[in-house]
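Me: I'm new to reading structures, and I'd like a close look at one part: the place where two chains meet. Could you walk me through that contact in plain words?

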Amino acid sequence: MRLLSIELSDFRGFYGVHQIALAAEDDKRVTIFHGENGAGKTNLLNAVHWCITGSFTPRFQEAKSLVNREAVHENRRSCYVEIVFRDEPQNGGREYRVRRTGANEVTKPAEVFEIDGGNSRPIANADALLAKFLPKGLVSWFFFDAEAIGTLELSGSPSFKTDLRRTLGFDLVDKLLSDLDRLLSKRHKEIAAQVKDKKLQDIVTRIENIDLVLPDQEAKLELAQHTFSQLNAELESTLQRLQSLPSAEPLQRERRDVELSKKRLQQAVANTNSKVAQLIGRAAPELLLRSAATSLEDQIQEREDRGKLPAPYSDQLIKDIETDGVCICGREVEPGSDEMHRLHGLLHLSSTPALNQRIRSLRYLIRTIEEGSSQFPENIAAMRAELVTLNNQIGELEQRDEALTAALKEIDDNEVQRLEAERSRLMLERDAVNGKATLLRRQIEENRRDRKELETLRAGIELKQQISSKLKTEADKVMRLRDFIARSLADQERQALLILSVELNLVLEKYLTKHYKAKIDPTNYAVLLVDHNDKTVGHSTGEGQVLKFAFIATVVALAARKTRHKIQWMAEPTIAPLILDAPFSALDPEYQGSVARNLATQSTQLILMLSSAAWGERVAEALDGQIGKRYLIVSHESGPQGEKPVKTLQINDATYTLNHYDALRNESTIKEAHL
Amino acid sequence: MRMESLFSKERLVYWPTEFSDVMRQLTSTGEDGRSTGLPAMYRFNAGAFVLAAAVGVMNNRRREVGPNRKEISTEVFVNERLGAYIFLIPMLGESEPNVDQLRPGNEEVALRAFERYAAGGLEILRAELMANPTQSADYVVEQLITRGRERTKLGEDIPRLI
């Protein structure tokens, strides 16, 4: 999708009709809008956002006042935004026009027309077509209010993972898998109904119930885990602030040490409990079998004493007699003779190497059982004593913790008390969430286990029943397809995260002055920035901001299959323009140029809205040669200038004025500037 | 030193799939094969299998494995130094144990008897674990052994666990 032009009529600060052509070619794909704060950059971003989606960016203020105030005074009650865009060449390159009309507090459905040879053909389901080009869930990635970059959460919240999976098309595959599961369940129900097996029907129903409940439980667990991490982070921050207060510092420092010691001891308890379990595991068969094994050993010994064990002759002796044809007494033994038959009859009582080896092993085991069973209780008792000691130490530390907390509560300092209350609240909440997560984990584990066992039972019963081959074939086909798609999705996810990680690190390596790397957690998609010691760097640092911009650009490129490394996508790519409002105000100046260059490289079309402060040599140089169109958003004030400044912008050799006073009306206008 | 195999060739020992949850509890693994984080009595199923067989033979409980089953190679038992149990336990189950049961010709008989005792033991273990859902597997096994000792009323000085 490439935007070709925008037409605004009485939209927000823009009085009357404004027409803008956008840069849309591969080699000139950047359009810049220069404007000061309040000039109308955010209004312009939201004009595009509203026209395509019917909604606004999260920070957009007074969203219900759509119509320009001056126009309202002149009795014009409606506004519109019209965008002409073109599909990508590989999809046919068709052109479309979308117009959305609205009044204050009213938004009408969009109208979409396909433009063909100068004729406009209306499209019946406009919203569906627009969603096909830019799914609603992805809009926030492509139409970005970059002053909100500070709030972009890369920490792996469930909604972040959901949004990202949607961008990469995985949610469509999830939906397909979910549909296949339902279809499979339906087939199994039909099979159960056909064979009229009540047990089978019951099993199928129980599996269905688990399938209904399990996704919700898994989602809740993910949320609980994320909440737990957030609460831990908040708690850590609170404790650091507490420790920074002089009146609380010594006590909080000691309490922190106590908490760390307690954690170490708790880990020691866990390790010792593990050793106890392993000891019991080793000892249990020995203790159970000791008495019987000792009795067996006595029998074996008795046989040995009587000369019956080992057998007084080996199988080799009999084989030698057979070969030589002579017994040890010297008598000849003919093949097939009665003597030979009698000798063969003794083979089953002879001693053999394998038999002797097993007897030796058995006696060794019995000795091990006897020795081990007497030693292990002592060892386990020692470990249990160790556990008692550790738990006593933990108890002492807990008492010390309580005493320190009581002392902190006595400090006559409002800030200390506020932070203490916050600490208590956060700890309670964290423990509650942890408890909830533990319960959910258990429930999920039980459900998964039950489901597996029910599936085994179902398959077993179906195997025994006379089921119509048509039903069985259909069910098998659906199951094979489902398994294949699930495997393919898992592969794609792995590859996508790998490519995302590789691409991000290419950007960071190229543009950052520090040796930082990006790491993506495959379980929750959290993006971490780490230094050369593998220590996490905060997202609020300058480098963290670069990571966020790089992330947006890489996600957009990945969705459009523009990355260096390719994977076989199961879903269609999303190719849409990247529109960023005021992207560099949150960024360290040293990184502005590199971020600008990266954004231009990774997107198929880039529309940037910049203040004069954000337009400097670095950004100009980074975008040099790629800018196809440049505009100024000029604000007009009807009042006198007085002491207020006039803002200007220098581009190449020209100086442009960005605001005027004593104007006919309060409005924003859009003026094309020379490149 | 090369570990000599007690078996004429590598064989398989089978256990009923319906006791998968018992095996997982004894090895503290989840459905996905990963550790649950709880203390594990055994690293491998072979260890849990031997315990089950010991419980089965001491309670004189045998049952058939059935068609829905999983397998463990005898080599795993040998590597874990548990191979001799495969012969010991069937012998202990006989009213008149005879070392001739250890002859290679009777290997198959010994393996199947070992399996049946293990299946019987898994039944008992599952009942015990289900009766004590909030307790750890090692605690439940410990209690089982203690009760077993008291039931046999042995005069000898059986070492106490605690």
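Reply: Happy to! Let's begin with one pair of residues. A:Arg384 and B:Glu142 form a salt bridge, and their closest N and O atoms are 3.0 Å apart. Here a salt bridge is a side-chain nitrogen of Lys or Arg within 4 Å of a carboxyl oxygen of Asp or Glu. Side chains of opposite charge can pair when their charged atoms come close.

A word on the ground rules. This is a predicted model, in which local features need pLDDT of at least 70 and side-chain atom pairs count only at pLDDT 80 or more, while totals for chains, interfaces and linings use all residues. Residues are numbered from 1 along each chain as its sequence is written, chains are lettered from A and ligands numbered from 1 in the order in which they are written, and side-chain values use heavy atoms, leaving out hydrogens and water.

Across the interface of chain B and chain A, the rule finds two salt bridges. Five residue pairs are in polar contact between chain B and chain A, with both residues at pLDDT 80 or more. A polar contact is a pair of N or O atoms within 3.5 Å; within protein, one must be able to donate a hydrogen and the other to accept it, and residues adjacent in sequence count only if both atoms are side-chain atoms.

Which elements of chain B give two or more residues to the side that touches chain A? They are α1 (20–27), α2 (45–58), α4 (85–92) and α6 (137–152) of chain B. Helices are DSSP runs (H or I, at least four residues), numbered from the N terminus. By class, this side of chain B has 29 nonpolar, five polar and 11 charged residues. Ala, Val, Leu, Ile, Met, Phe, Trp, Tyr, Cys and Pro count as nonpolar, Asp, Glu, Lys and Arg as charged, and the others, Gly among them, as polar.

Now for the whole interface. The contact (heavy atoms within 4.5 Å) takes 45 residues from chain B and 50 residues from chain A. About 4,100 Å² is buried between the two chains, and carbon and sulfur atoms give 66% of that area. Buried area is the accessible area (1.4 Å probe) that two parts lose on being put together, summed over both.
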